[in-house]
Amino acid sequence: MRECFELRDVDAGGRIGSLSIPRAGRSVETPALLPVINPHLETISPRRLHEEFGAEAIITNAYIFHGSEDFRERALAEGLHDVLDFPGAIVTDSGSFQLAEYGEIDVTTEEILAFQREIGSDVGTPVDIPTPPDVSRERAESELATTQERLELAESVDTGEMLVTAPIQGSTHWDLREAAAAHADGTDLDVFPIGAVVPLLNEYRYADVVDVVAAAKRGLGADAPVHLFGAGHPMMFALAVAMGCDLFDSAAYAIYARDDRYLTVRGTRHLEDLDHLPCPCPVCTEHGAAGLRSLPDGPRETALAAHNLHVSFAEIRRIKAAIRAGNLLELVEERARCHPAMLDGYRTLLDHADQLERTDPASKGTFFYASHESARRPEVRRHHARLARLDVPDAVFLTEGPDAPTDEYAESWRVVPPFGPFPRALSKTYPLTAEVPERTDRASIRAAARGVSALVEANPEADFGLGHRGWPPDALAALPARVESVDLTTDG
């Protein structure tokens, strides 16, 4: 078990954990948001981030400090914590972002890790190769091999108590991402950033982001803390957490503020388009839309950055509450209705329901059926898989309504879409206590039919009847031929 990371609560792929950071002398509760700090472009001070917003950790770029005439010597003499005036944990990037942007940097993995240790970083990063999406397999393999060499080199560098990350690359080749994650997990490094996803995020390719994370998670152990590099918009935090990400870094709060952009969990708005501010944070309640617009450029930028941070940290708290309550996927589904690309991401998440089911608790809060996507959730898959374990009598009537109409059946079991059949004795167990709408949709009925089929096929010697409430022909056609069905809406 990786000693620096302890899991406390889980829901779907999401988890609340504790990341122990020895050099900082503290632990950080995850999911955690790490605001990005550029010492040359500071909008909100690190001290304010800690005291007003509750930031337990921040992230800054060691390469910027390394090449800065203003900050290099100060950082070496005083240490990052004093220079930035931040009492929490400080994570540093290595310059890989600059490598991706400009094609080269003038520092090696050994040099930048040694520098990060010298300036007092709590979590350092080697120089990996951020391979962009959609490149050829040959390029992705070549650059991944270089990254893996540097991770192995990082293991040999004396970093003291500083944790060291092991970035996971591989572009949009899912098998390479999985292999890269397995290699990283096999090192003695500590935190696992999934790299080079910013281009996907910028293009709203949330479905591809989910596939990238899913592939990486397949290669990582359950005790591996995962950082989704560059994911800073609160709209997608719940989706990423549900897939299994623990850390996020956000420069969006400041970048968007410079352009008068106002973050919400439903997307981004331009300040000039707002007459009313849909947020109860101190900035919005004090100023209002007109008041914010009337501020001079500098104060307006700072105020907008503060609002953006309030929204972002509030969403992290909301996600933690959802994990504890066992309704994270309900929150993800709510966020998925904010943008078509988010809905693509949620549907892709459900494509990985079998993977999510491995960590999803068997019992938690009430299952709410919110839309036809709910029929694909891990809880439904788990119920169908477990039907083969049930003891079935020689003849059983499966019904959405009253008990068997004749004495030919030994028992009557309930049928509740999307789960399908179960003994009445299980009616009070999760997830069969689900809240489902009375007007059942086709996806829910088709899922229930799959459950009926799973039970029937697992018990070839038993006789089955089905009492349904107007199931469509395609759902009935999917049932084994030996199931005798009766429509309860037309027969007595």
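Contact here means heavy atoms within 4.5 Å, and axes are lines fitted to C-alpha atoms, for helices over the stretch in contact, with angles running from 0 to 180 degrees between N-to-C directions. Helices (H or I, at least four residues) and strands (E, at least two) are DSSP runs, numbered from the N terminus. This is a predicted model, where local features need pLDDT of at least 70 and side-chain atom pairs count only at pLDDT 80 or more, while totals for chains, interfaces and linings use all residues. Residues are numbered from 1 along each chain as its sequence is written, and side-chain values use heavy atoms, with hydrogens and water left out.

**View 1**
Start with the open sheet: it has 5 strands in the order 16-15-14-17-18, with mixed pairing. Two strands pair if DSSP finds at least two bridges between them. Strand 16 (420–422) and strand 18 (484–487) are the edges, so to speak, each pairing on one side only. From one strand to the next, the twist averages 25°. Now find helix 19 (residues 442–458), which lies across strand 14 (395–399), strand 15 (411–416), strand 16 and strand 17. Helix 19 runs at about 50° to strand 16.

**View 2. Two parallel neighbours in that sheet.**
Strands of a sheet pair through backbone hydrogen bonds, either parallel or antiparallel. Strand 17 (residues 463–468) and strand 18 run parallel, joined by 4 bridges. Look for His468: its bridge partner in strand 18 is Asp487.

**View 3. The buried face of helix 1.**
Which residues of helix 1 (residues 46–53) are buried? Pro46, Leu49 and Phe53 are, where buried means under 20% relative accessible area, exposed over 50% and partly exposed in between (1.4 Å probe, protein chains only). Seen down the axis of helix 1, these buried residues fall within an arc of 80°, so they line one face of the helix; the arc is that of the directions from the helix axis to the C-beta atoms. Their cover includes strand 4 (32–37), strand 5 (57–61), helix 4 (80–84) and helix 14 (297–325). Just after helix 1, Gly54 takes a positive phi of about 75°.

**View 4. Aromatic rings in pairs.**
Rings of Phe, Tyr and Trp (its six-membered ring) pair if their centres lie within 6.5 Å; planes under 30 degrees apart count as stacked, over 60 as edge-to-face and the rest as tilted. By this rule there are 6 aromatic pairs. One of them is Phe65 with Phe71, an edge-to-face pair at 5.9 Å centre to centre and 65° between the planes. Phe65 and Phe71 are both buried. Phe237 and Phe248 make a tilted pair, because their ring centres are 5.1 Å apart and their planes sit at 35°. Phe237 is in helix 11 (residues 237–243) and Phe248 in strand 11 (residues 247–250), so the pair ties together parts 11 residues apart in sequence.

**View 5. Arginines over rings.**
A charge sits over a ring if NZ of Lys or CZ of Arg is within 6 Å of the ring centre and within 35 degrees of the ring normal. Arg261 lies over the face of Tyr256, 3.9 Å from the ring centre. Arg377 lies over the face of Phe367, at 4.0 Å from the ring centre.

**View 6. Cis prolines in loops.**
Thr30 and Pro31 are joined by a cis peptide bond, with omega about 0°. Pro31 lies in the loop between strand 3 (26–30) and strand 4.
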